[in-house]
Amino acid sequence: MRAVQYLEAGRAPEVVEVPVPEPGPGELLLRVTAAGVCHSDLAVMALPADQLGYPLPLTLGHEAAGVVEAVGPGVASVPVGEAVLVYGPWGCGRCRECSLGLENYCARAEELGIFPPGLGRPGALAEYMLVDDARHVVPLGDLDPVRTVPLTDAGLTPYHVIRRSAERLYPGGTAVVIGVGGLGHVAVQLLRAVTGAEVVALDVREESLELARKVGAHHVLRSGEGAVEKVRELTGGAGAQAVLDFVGAQPTVELGARMLAKDAGLDVVGIGGGALPVGFGTVPYGTAVRSTYWGGRSELLELVDLARQGAVGVHVERYPLERGPEVYERMKAGRIQGRAVVVPTD
């Protein structure tokens, strides 16, 4: 089968031929129908070999949709032929966090060498992929896999943040979304769908601001110094109750902090390397600053229901598998609008 693999640290990914895997006990083999391409892969491929943390070559892609092609011994709950999405942050299944469905915060994954697909285990940018356990697939039903697959990360990550910030996202409150890319434009829709907050979207690209307008932002602002004053003006001087930073670079983290109201929250979702010193007098009283990672299994089920209701949709650009390496180049150059999705059958 064909697969997009990262073969060597510092080398661009390539399309290669590899054997079709066979499912072992408890495993499922999927025929991949769609694979979302995430910006975090670029951060992984920027790491030197001694910091990578898992062996190469590696089939990329941690957003996956597919049809169950075969199951291994012991799998009885998922029938062959079912269309599914893959829940990506795999855990041990036994710790407290996993028992709550929060495998994204599994206490033992690192210790046991458990990795997500595409981030340590063979991923979805291929014609077939293995899933380690039936609990890691969610029924897709009749939803379009190409338009739905980004919900497994680009949707699940912001939804997790929004759920954790629910007490601050009340009617009359303000939520600021910094970075209206693959995750940020979904965050805008989710904020509109499940909260009563006024949504302000910030980006440096005009096309991203236009996308934010289309998906429901109440206000769009060019990111920069003037945005702080404008947010204060929109909130009667109080500031925002929640800032969701999908860039996470030092300038955006600092910008977001300056927009906060008292007793507000800043969630740093993007992996741009920014950090915020927090202490008495450095941020408004009551400020909570968090980093988050992916989301829970039950949250993915809820997202699929929201998609079925038409409450959330992802702007996608569709590519065949052979153009997988090119997608990463386009992403690096800032030429992807929304989410790129690779379709092996195209």
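Tutor: A residue is called buried when its relative accessible area is under 20%, exposed when it is over 50%, and partly exposed in between (1.4 Å probe, protein chains only). Helices (H or I, at least four residues) and strands (E, at least two) are DSSP runs numbered from the N terminus. The model is predicted, so local features need pLDDT of at least 70 and side-chain atom pairs pLDDT 80 or more, while totals for chains, interfaces and linings use all residues. Residues are numbered from 1 along each chain as its sequence is written, and side-chain values use heavy atoms, without hydrogens or water.

Let us take helix α11, which runs over residues 324–332 and has as its buried residues G324, P325, V327, Y328, R330 and M331. Around these buried residues, which make contact (heavy atoms within 4.5 Å), several strands come together: α11 packs here against β1 (2–6), β2 (14–17), β3 (28–37), β15 (316–320) and β16 (339–343), and also against helix α1. Just beyond the end of α11, the chain reaches G334, whose phi is positive at about 75 degrees.

P57 sits in the loop between α1 and β4, and the peptide bond that joins L56 to P57 is cis, with omega about 5 degrees. Most peptide bonds are trans, and most residues other than glycine have a negative phi.

Rings of Phe, Tyr and Trp (its six-membered ring) pair if their centres lie within 6.5 Å, and planes under 30 degrees apart count as stacked, over 60 as edge-to-face and the rest as tilted. Y54 and F115 have ring centres 5.5 Å apart and planes at 70 degrees, so their pair is edge-to-face. Y54 lies in the loop between α1 (40–45) and β4 (58–59) and F115 in the loop between α3 (109–112) and β7 (128–131), so that this pair links distant parts of the chain, 61 residues apart. Y54 is buried at 14% relative accessible area, whereas F115 is partly exposed at 26%.

Another edge-to-face pair is formed by Y293 and W294, with 5.6 Å from centre to centre and 75 degrees between the planes. Y293 is partly exposed at 37%, but W294 is buried at 4%. W294 stands in the loop between β14 (288–291) and α10 (297–308), and its phi is positive, near 55 degrees, although it is not a glycine. D263 in strand β13 (residues 260–268) likewise has a positive phi near 55 degrees, yet D263 is exposed, with a relative accessible area of 54%.

Finally, consider the whole chain, which has 11 helices and 16 strands. Of its 346 residues, 55% count as buried, and among contacts between residues at least 6 apart in sequence, 69% join residues at least 24 apart. Its C-alpha atoms fill a box of roughly 60 × 40 × 40 Å along the principal axes.
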